[in-house]
Amino acid sequence: VAVQSKRVAQSDFSVDGEGSLELNVNTGTFAKNSITGGDQSDSVKFGNQATVKGTSADLGDGDDTVTFKKKVTMKGKNTIYLGEGGADTVELKGGAPKNGKLVIANFDENDTLVLKKKTFTYEDLQETKIEGIKIEFAE
């Protein structure tokens, strides 16, 4: 699904069952939306002209990828729940958010965080605090 709009608010983007979700938010404000992935590998991308505000994503099983292009703007608290299993990747090509906050939940040993071109593993993030990003580790 590709989204190109001035504003998309309070909508639910989801896949039920065995499928996978591919969501590209190219432009506009993406506010207070909910994203629910399927049982396969999901892909969510936010383009350079997107503003992400108060959005939550639950990516489910599979090897999921969330990408924020270099010029994405974040506002408010945005949450990504990485789901069970899989090797998930969250990439912020422009680095940590300057405004707003990103919470990455259920981060485990198989997951990676990429800021600009620097990769952080589960082990790295045990000792590293990154302003604008809160990591909640899997139990």
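Me: Before we start, what is a nonpolar core?
Reply: A nonpolar core is a set of buried Ala, Val, Leu, Ile, Met, Phe, Trp, Tyr and Cys residues joined through side-chain atoms within 4.5 Å. Keep in mind that this is a predicted model.

Me: OK. Which residues touch the most other members of the largest nonpolar core?
Reply: Phe46, Phe68 and Leu113 do. That core has 34 residues.

Me: Which strand gives the most to this core?
Reply: Strand β5, residues 43-53. Four residues of the core come from β5.

Me: Why would such side chains sit together, in general?
Reply: In soluble globular proteins, nonpolar side chains tend to be buried together.

Me: Back to Phe68. What is Phe68 in contact with, leaving aside neighbours within four places in sequence?
Reply: Phe46, Val52, Met74, Ile80 and Val90 are among its contacts. Phe68 also contacts Glu91, Leu92, Lys93, Gly94 and Leu102.

Me: Which residues do ring pairs link into a cluster with Phe68?
Reply: Phe13, Phe30 and Phe46.

Me: How many aromatic pairs are there?
Reply: The count comes to five. One of them joins Phe107 and Phe137, with ring centres 6.3 Å apart. Their planes are at 85 degrees, so the pair is edge-to-face.

Me: Where do Phe107 and Phe137 lie?
Reply: Phe107 is in strand β11 (residues 101-107), and Phe137 is in strand β14 (residues 133-137). The pair therefore ties together parts 30 residues apart in sequence.

Me: Is Phe107 buried or exposed?
Reply: Buried, because its relative accessibility is 0%. Phe137 counts as partly exposed, at 28%.

Me: What about the rings of Tyr122 and Phe137?
Reply: Their centres are 5.3 Å apart and their planes are at 80 degrees, so this pair is edge-to-face. Tyr122 is in helix α1 (residues 122-127), and Phe137 is in strand β14. They are 15 residues apart. Tyr122 has a relative accessible area of 19%. The cut-off for buried is under 20%, so Tyr122 is buried.

Me: New topic. Where does Thr55 lie?
Reply: In the loop between β5 and β6 (56-58). Thr55 counts as buried, at 6% relative accessibility.

Me: What does Thr55 touch, not counting residues up to four places away in sequence?
Reply: Phe30, Ala31, Lys32, Asn33 and Ile35, plus Lys77, Asn78 and Thr79.

Me: Last one, pockets. How much space lies in the largest pocket?
Reply: About 220 Å³. The pocket is lined by 15 residues. Val72, Thr73, Ala96, Pro97 and Lys98 lie nearest its centre.

Me: And what is the lining of the largest pocket by class?
Reply: Six nonpolar, four polar and five charged residues.

Methods: Residues are numbered from 1 along each chain as its sequence is written. This is a predicted model: local features need pLDDT of at least 70, side-chain atom pairs count only at pLDDT 80 or more; totals for chains, interfaces and linings use all residues. Side-chain values use heavy atoms; hydrogens and water are left out. Buried means under 20% relative accessible area, exposed over 50%, partly exposed in between (1.4 Å probe, protein chains only). Helices (H or I, at least four residues) and strands (E, at least two) are DSSP runs, numbered from the N terminus. Contact means heavy atoms within 4.5 Å. On a 1 Å grid over the protein atoms alone, a cavity is a set of points where a 1.4 Å probe fits but cannot get out, and a pocket is an open set with protein on both sides within 12 Å along at least five of seven lines; lining residues have an atom within 4 Å of a point. Grid points are joined across faces, edges and corners, and a volume is the space filled by probe spheres set on the points. Ala, Val, Leu, Ile, Met, Phe, Trp, Tyr, Cys and Pro count as nonpolar, Asp, Glu, Lys and Arg as charged, and the others, Gly among them, as polar. Rings of Phe, Tyr and Trp (its six-membered ring) pair if their centres lie within 6.5 Å; planes under 30 degrees apart count as stacked, over 60 as edge-to-face and the rest as tilted.
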